[in-house]
Amino acid sequence: MTTSPTRPLPTVQLRVPTDEDARAWHRVFDDPEVMEFLGGPAELSVYEELTARQRLHDARLGFCLWTLLDGEGAVIGFTGAQPWPAEKAWGPVGEIEIGWRLGRSAWGKGYAYAAALATVERVREAGLRQVVAMVNDDNARSVAVAERLGMTLAERFLLPNGVRYARRYVLELAPEAG
């Protein structure tokens, strides 16, 4: 197990999201602080569509945004990878983005980094050679996770809203030694 200089990483479990996870994600993310960089809290229907789309990604690609569980099996968020949506007129269209979102009760405990490490391992096993992370400039927690993963800042750009900036990080994935 990888450790930080101050403490061991917490145990995390990842699973393909279920129908029930849509309700769990809605509950965990129904917080203005959690959703500060994502437009604010969303309706349940957003998570129902998102979990359904993730099941398709898993079936087709072998990876998705997985439901993130703590060591006791409680849903604390999600982590994983997915193709950047082609319908967005900006961003890394055609690339695979990794990401993480945790409920506030899980902040500051090492879960985001542990989950991001697990994601990197799984996408490498799925054969990916590179991933990106799109992070709002003001999201210090996610910037720290991306940089701790060893991701390289590839670009800083103005978001389509014309107000905030974001960063595109890149991580080259060396194949696992066999």
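How many bridges pair strand 3 with strand 4, and in which sense? Strand 3 (residues 75-83) and strand 4 pair in the antiparallel sense, over 7 bridges. Before going further, note that this is a predicted model, where local features need pLDDT of at least 70, side-chain atom pairs count only at pLDDT 80 or more, and totals for chains, interfaces and linings use all residues. Residues are numbered from 1 along each chain as its sequence is written, and side-chain values use heavy atoms, with hydrogens and water left out.

A few terms, to get them out of the way:

- Helices (H or I, at least four residues) and strands (E, at least two) are DSSP runs, numbered from the N terminus.
- Strands pair if DSSP finds at least two bridges between them.

**Helix 1 against helix 2**

- Helix 1 (residues 19-29) and helix 2 (residues 44-61) have axes that come within 8 Å and cross at roughly 130 degrees; axes are lines fitted to C-alpha atoms, for helices over the stretch in contact, and angles run from 0 to 180 degrees between N-to-C directions.
- That angle makes helix 1 oblique to helix 2; under 35 degrees counts as roughly parallel, over 145 as roughly antiparallel, 65 to 115 as roughly perpendicular and the rest as oblique.
- On the helix 1 side, the residues in contact (heavy atoms within 4.5 Å) include Trp-25, His-26 and Phe-29, and on the helix 2 side they include Tyr-47, Leu-50 and Gln-54.
- Sorted by class, this contact of helix 1 with helix 2 has 6 nonpolar, 3 polar and 5 charged residues; Ala, Val, Leu, Ile, Met, Phe, Trp, Tyr, Cys and Pro count as nonpolar, Asp, Glu, Lys and Arg as charged, and the others, Gly among them, as polar.
- Helix 1 has these buried residues: Asp-21, Ala-22, Ala-24, Trp-25, Val-28 and Phe-29.
- Their cover includes strand 1 (13-15), helix 2, strand 2 (65-69), strand 3 and strand 4.

**A closer look at Gln-54**

- Gln-54 sits in helix 2 and counts as buried because its relative accessibility is 0%.
- Setting aside neighbours within four places in sequence, Gln-54 touches Pro-17, Trp-25, Cys-64, Leu-65, Ala-81 and Gln-82.

- In strand 7 (residues 165-172), 6 of the 8 residues are buried, so strand 7 is largely enclosed by the rest of the structure.
- Strand 5 (residues 130-136) pairs with strand 7 in the antiparallel sense over 7 bridges.
- Within strand 7, Ala-166 is the bridge partner of Asn-136, and Arg-167 is that of Val-135.
- Strand 6 (residues 152-158) runs antiparallel to strand 7 and is joined to strand 7 by 6 bridges.
- Arg-156 stands opposite Arg-167 in strand 7.
- The hairpin of strand 6 and strand 7 has 6 residues between the strands, and there Gly-162 takes a positive phi near 70 degrees.

**Asn-139**

- Asn-139 is in the loop between strand 5 and helix 4 (140-148), and counts as buried at 17% relative accessibility.
- Asn-139 and Thr-11 are 128 residues apart in sequence and, C-alpha to C-alpha, 24 Å apart in space.

Note on methods. Buried means under 20% relative accessible area, exposed over 50%, partly exposed in between (1.4 Å probe, protein chains only).
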